[in-house]
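Please open the model in your viewer and keep the selection panel at hand.

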2 protein chains.
Amino acid sequence: MAPRAASIRARVRAEMTDEIKASARRQLATGGANLSLRAVSRDLGMVSSAIYRYFASRDDLLTALIIDAYNAIGEAAETADASLTTRSDPVARWLAVAHALRAWALAHAPEYALIYGSPVPGYAAPADTISPASRPILVMGLILADAHAAGLLSDDPAGRPEFSADLRAELRQVADRLAPGVSEAAMARGMIVWTQLFGALSFELFGQLNNVIDAREEWFDHQARMIAGFVGLRSPE
Amino acid sequence: MAPRAASIRARVRAEMTDEIKASARRQLATGGANLSLRAVSRDLGMVSSAIYRYFASRDDLLTALIIDAYNAIGEAAETADASLTTRSDPVARWLAVAHALRAWALAHAPEYALIYGSPVPGYAAPADTISPASRPILVMGLILADAHAAGLLSDDPAGRPEFSADLRAELRQVADRLAPGVSEAAMARGMIVWTQLFGALSFELFGQLNNVIDAREEWFDHQARMIAGFVGLRSPE
DNA sequence: CCGAATCGAGAGCAGTGCTCTCTGTTTGAC
DNA sequence: GTCAAACAGAGAGCACTGCTCTCGATTCGG
């Protein structure tokens with residue numbers, strides 16, 4: 001679509017778009033989800049109406065930030081998993097990914113709030129966001145699948161849970177997409193711990209741990225280890 | 001402080017305050033966290049500046065709504081627990097409370113977002129909110145304590161986890177306040193499942209389950225049952 | 001009964017998202 | 001090269017927001 005040698009205008013436009021997003025991210029840190037386009041425009045030394053040459057509306061800017069955030073946290077998880085020297089221990093991989101997710105969330109709290117916090121009022125997430133949104137959880141799916149293949153994913157000790165046909169089918173669909181070969185029950189456990197993990201991040205970032213737990217890092221690590229056991233992840237002999 | 005027979009003015013003022021909050025709650029349903037004082041005033045047929053006779057600022061109104069929301073969800077949990085015919089089964093109590101929390105959250109989604117979602121930008125929670133905020137979790141503490149006293153709270157099968165002195169002390173403090181007699185490890189498990197529970201609610205309410213799980217009620221019930229087992233809650237013989 | 005407290009109305013200020021119009025520049029086809 | 005078309009930014013303006021201030025009208029307590 002773009003010409004081989006990007007025209008000056010196209011390149012300037014791309015840079016300008018990035019600058020707007022960068023400034024918006026900065027504003028996000030102080031102002032939260034209701035960022036001001038006019039503040040962004042002031043920050044960039046332009047007039048507010050000029051922003052509309054790059055983003056059709058404030059929601060469009062937010063959408064761009066949301067997509068970037070999903071990709072960023074997804075990439076953080078992926079590189080944490082990929083950069084392990086040995087990938088044969090599912091528990092170690094799980095812990096590495098969990099801590100990487102937390103580190104990203106702490107370093108980018110307002111962006112985390114944007115994607116995992118309460119949705120902004122009138123905002124409806126467009127379809128462009130659903131693909132990047134699944135990127136982080138794909139990492140967990142891979143760990144589960146590898147653990148299963150290596151015989152390091154224990155079954156539910158309490159026996160097979162009973163699912164309705166509907167729920168079983170949905171769990172099957174999730175498993176087929178994220179962690180082929182894994183049973184519905186194991187996939188359910190995976191989603192439960194995934195939910196717990198992000199619950200822990202939200203509790204920490206949204207102030208629910210204030211005046212309760214100060215040893216945040218250790219507390220998170222404890223949670224991650226405990227729920228790794230809950231899923232049934234085991235380290236090799 | 002108020003005279004025995006409330007003066008007309010005092011009573012009207014109380015009613016007016018309630019009407020403002022009620023209208024604000026309605027606005028919250030459509031507009032999200034950035035509710036408009038002017039819209040509230042229009043809804044009540046008054047001029048915007050009149051609102052300031054009742055609430056010093058928009059944040060003050062939000063604070064009042066937050067306190068009400070904490071009390072409401074806390075009361076929902078309390079009555080769910082208290083209205084059980086038999087209270088000897090900790091698992092049944094846990095499930096009843098969990099479903100009551102979910103029911104309240106679904107029925108009052110914007111208020112749930114207000115207290116458990118991303119904090120509103122410039123808003124700093126005043127001290128008045130911390131007491132009502134702990135009301136829901138007190139219910140879980142009671143269930144844990146009763147289960148422990150009745151010998152229905154299993155120990156961690158994986159052996160005693162190791163905590164640093166700091167974290168152990170903090171867990172001890174939480175246990176002493178919420179569930180006296182319960183060990184630090186069990187209290188930690190309780191907080192983990194509490195985190196999971198609200199993670200599940202946030203996932204469901206904030207759209208993270210869209211296009212993934214449609215059997216919401218059953219999925220939540222499954223999660224609640226599984227994590228009840230994780231804490232170590234058992235039903236009596 | 002009367003001064004004081006309270007209440008609502010209205011105007012106004014600074015800020016917001018967004019639209020429209022107008023100028024100047026860059027682009028790509030001829 | 002030329003030139004119409006696309007594009008980028010500036011500026012004014014609209015309707016909205018939270019909030020402050022002033023000014024009458026009402027109600028309160030001593």
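Predicted model: local features only at pLDDT ≥ 70, side-chain atom pairs only at ≥ 80, totals over all residues.

**Stop 1: the contact of chains A and B**

Select the contact between the two chains. Chain A brings 43 residues and chain B brings 43 residues. Now highlight three helices of chain A: α9 (165–178), α10 (184–205) and α11 (216–231). Each supplies at least two residues of the side that touches chain B. α10(A) gives the most, with nine residues. Colour this side of chain A by class. You get 24 nonpolar, 15 polar and four charged residues.

**Stop 2: DNA strand C**

Move to DNA strand C and select the 22 residues around it. By class, the surface near DNA strand C has nine nonpolar, six polar and seven charged residues.

**Stop 3: A:A77**

Stay on helix α4 of chain A and pick A:A77. Is A:A77 buried or exposed? A:A77 counts as buried, because 23 C-beta neighbours lie inside 10 Å and the cut-off is 20 or more. Beyond neighbours within four places in sequence, show the contacts of A:A77: A:V97, A:A100, A:L101, A:P136 and A:V139. Finally, draw a C-alpha to C-alpha distance from A:A77 to A:L197. The two are 120 residues apart in sequence and 13 Å apart in space.

Terms used: Residues numbered from 1 in each chain as written. Chains lettered and ligands numbered in written order. Contact = placed C-beta atoms within 7 Å. Helix = DSSP H or I, 4+ residues; strand = E, 2+ residues; numbered from the N terminus. Nonpolar A, V, L, I, M, F, W, Y, C, P; charged D, E, K, R; others polar. Near = placed C-beta within 6 Å. Buried ≥ 20, exposed ≤ 12 C-beta atoms within 10 Å, placed from the backbone.
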